[in-house]
Amino acid sequence: MQIGDQMQVRAHKSDGTCYRWWTAIVESVSADQIVVVTPVGHAIEDPGGTFVSPNALRVFYWPDKWYSLLEAYAPDGELVEIYVNISSPVEIDGLQMRFTDLELDVSRRPPREALLEDEHEFEEAAVEYGYSEEFQRTCYAVAKEALDLANRWEARGMPADR
């Protein structure tokens with residue numbers, strides 16, 4: 001994987017079902033972090049069709065973390081949101097990346113503080129997929145870490161077109 005490569009990113013449910021996928025461009029890569037970007041108007045696919053994103057995105061993936069962090073920018077370059085998706089650590093195979101979405105999310109829309117979101121979806125997933133009490137506690141601990149991360153995160157600015 002090199003800067004400028006196009007990657008296929010696939011989000012899965014806990015039962016292994018792929019529910020969303022898109023193509024992103026590698027902005028930077030190191031042993032402990034992969035950063036990908038997508039331009040305004042990029043396509044996000046799901047089994048029901050295609051969604052066109054109104055925002056440019058920069059997403060930070062850490063192979064050893066149970067979350068990824070997304071910076072969303074309006075077409076004029078204004079930061080819209082810092083979003084942390086609680087998920088399994090990302091798995092990489094060549095130019096394909098996949099993760100399991102655990103439904104719990106953190107959102108910060110500057111200048112407001114970050115908020116924990118989608119707790120009801122997480123609770124439903126816990127029942128549907130049989131998450132143990134210990135696993136649920138771990139996910140909430142990760143979400144607490146993600147709240148802190150989102151509140152102190154300094155965005156890099158609008159991604160350059162590639």
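Select E119 to begin: with a relative accessible area of 34%, E119 is partly exposed (buried means under 20% relative accessible area, exposed over 50%, partly exposed in between, with a 1.4 Å probe and protein chains only). The model is a predicted one, in which local features need pLDDT of at least 70 and side-chain atom pairs count only at pLDDT 80 or more, while totals for chains, interfaces and linings use all residues. Residues are numbered from 1 along each chain as its sequence is written, and side-chain values use heavy atoms, with hydrogens and water left out. E119 sits in helix 1, residues 119-129 (helices are DSSP runs of H or I with at least four residues, strands are runs of E with at least two, both numbered from the N terminus).

Next, select E27 and R156, which form a salt bridge whose closest N and O atoms are 3.9 Å apart (a side-chain nitrogen of Lys or Arg within 4 Å of a carboxyl oxygen of Asp or Glu). Because E27 lies in strand 2 (residues 18-30) and R156 in the segment after helix 2 (133-152), the pair ties together parts that are 129 residues apart in sequence. E27 is buried at 15% relative accessible area, whereas R156 is partly exposed at 47%.

Finally, move to D148 and R152, whose side chains meet in a salt bridge at 3.0 Å, N to O. These two residues, D148 and R152, are 4 residues apart in helix 2 and so are separated by about one helical turn. D148 is partly exposed at 43% relative accessibility, and R152 is exposed, with a relative accessible area of 54%.
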